[in-house]
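User: Could you take a close look at one part of this model for me, the place where the two chains meet? I'd like the cut-offs along with the numbers, please.

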Amino acid sequence: MNSDANPIWTLVWTFGLMSLFAVGGANAAIPEMHRIAVDVQHWMTDKQFADVFAISQMSPGPNVLIVTLIGYSVAGVGGALVATLAMCVPTAVLAYYVSRLFARSRTHSRWPAIIQAALVPLSIGLMSASGLILALTSDRTWIAAMVTVAAAVLAFATRLNPLWMLLAGGCLGFAGVI
Amino acid sequence: MPPDSPTAASPAPDIPTSTPPGLIALFVAFAKISLAGFGGVLVWARRAIVDQHRWMTADEFNETYALCHFLPGPNVVNLSVVFGSRFRGIPGGIAAFAGLLGPPMLIVTILAALYAHFGEIDALRRILAGVSCAAVGLLISAVFRMMMPLVKRRDLIGLVVMAAVFTAIGLLRLPLPAVLLVAIPLSIAITFAIRRGVRHEF
């Protein structure tokens, strides 16, 4: 940790700001989380970041909980709580006010549709970047990369429950294949 | 939409029949939705709100979700607040928010503590390495699924915008706020210009 400030406050402003820029949800903000947690603040290593992503995907609940894990690694239970709230509350307040605005006006403006259409390619671009950055942090060997490709193809082509693929990945890892 | 809207009189099967949920019902419902959802919570949210409790029709749910989707931040978290507050005001929004995040946060915090203690054990390191490889694959397949409509529509401009954001964030590793402050106005301007162009042709 190289910041002079209290790490709790760093978590608050880091994730509070990220909350408002997470177009497309928590998974779209993964490159920014990686940039800040690994490259800028040196809260964790690449390997730890990949681990934290794995744990968040194995846990029940929304994807945003990867932030809880990052917060915990920075400042324990308090960090976990603060990081999660900082990531969720600003946008939740925004959602509350915007939904009230819509419910009251009921205007049939075409702006919401235009904004939505404009944001879709942005969020897909962000998610693609998430995929690349996570693949670079997770896939250290060519066998690991093959597992990623296999899981991607299976998930794309079949309706198999994703938990099976996580389980298979864990077994291959335990067996020392990866 | 208020529950006593005119459509509620018709006997269509997709009309919500139950009374508006109370604070505890909201908390419990969202806690269940959240704990059932591995990877994606949305499916479970739809199942509970529309099919099980009949608190909203499928159309109302889609409308609410569309709104939450174009706002930034975790979509399901936004949905919980918008949904809860529609029935019970701000306390309802807080109850749904707390139900969605509280219980899984507790679980994840316990997992984080276990990882902090045992993360250096070799077997665990190997297992997590394997799981993360598979999890990345799942994320990549989700990205391709989202990309398909753009490809099918031959939405060239959408694909260019997507590639530009991918380059800026994934390859150049530029900060997210800076990229979006340029990309969002640009993308909205392009979309607006195209739609107006299409309209003039007719």
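Analyst: Happy to! About 8100 Å² is buried between chain A and chain B, and carbon and sulfur atoms give 77% of that; buried area here is the accessible area (1.4 Å probe) that two parts lose on being put together, summed over both. The elements of chain A that give two or more residues to the side touching chain B are helix 1 (7-21), helix 2 (30-40), helix 3 (46-58), helix 4 (66-105), helix 5, helix 6 (142-157) and helix 7 (162-174). Helix 5 of chain A provides the largest share, 24 residues. By class, that side of chain A has 61 nonpolar, 26 polar and nine charged residues, where Ala, Val, Leu, Ile, Met, Phe, Trp, Tyr, Cys and Pro count as nonpolar, Asp, Glu, Lys and Arg as charged, and the others, Gly among them, as polar.

A word on the ground rules: this is a predicted model, in which local features need pLDDT of at least 70 and side-chain atom pairs pLDDT 80 or more, while totals for chains, interfaces and linings use all residues. Residues are numbered from 1 along each chain as its sequence is written, chains are lettered from A in the order in which they are written, and side-chain values use heavy atoms, without hydrogens and water.

In terms of contact (heavy atoms within 4.5 Å), 96 residues of chain A meet 82 residues of chain B. Between the two chains there are 15 residue pairs in polar contact, both at pLDDT 80 or more; such a contact is a pair of N or O atoms within 3.5 Å, where within protein one must be able to donate a hydrogen and the other to accept it, and residues adjacent in sequence count only if both atoms are side-chain atoms. Salt bridges between chain A and chain B number zero, taking a side-chain nitrogen of Lys or Arg within 4 Å of a carboxyl oxygen of Asp or Glu.

Back to helix 5 of chain A, residues 111-138: its 28 residues should span 40 Å at 1.5 Å a residue, and the end C-alpha atoms are 40 Å apart, which agrees. The expected span is 1.5 Å times one less than the number of residues, and helices are DSSP runs (H or I, at least four residues), numbered from the N terminus. This helix bends by about 25° at A:Leu119, with A:Pro121 following within four residues; the bend is the angle between axes fitted to the seven residues ending there and the seven starting there.
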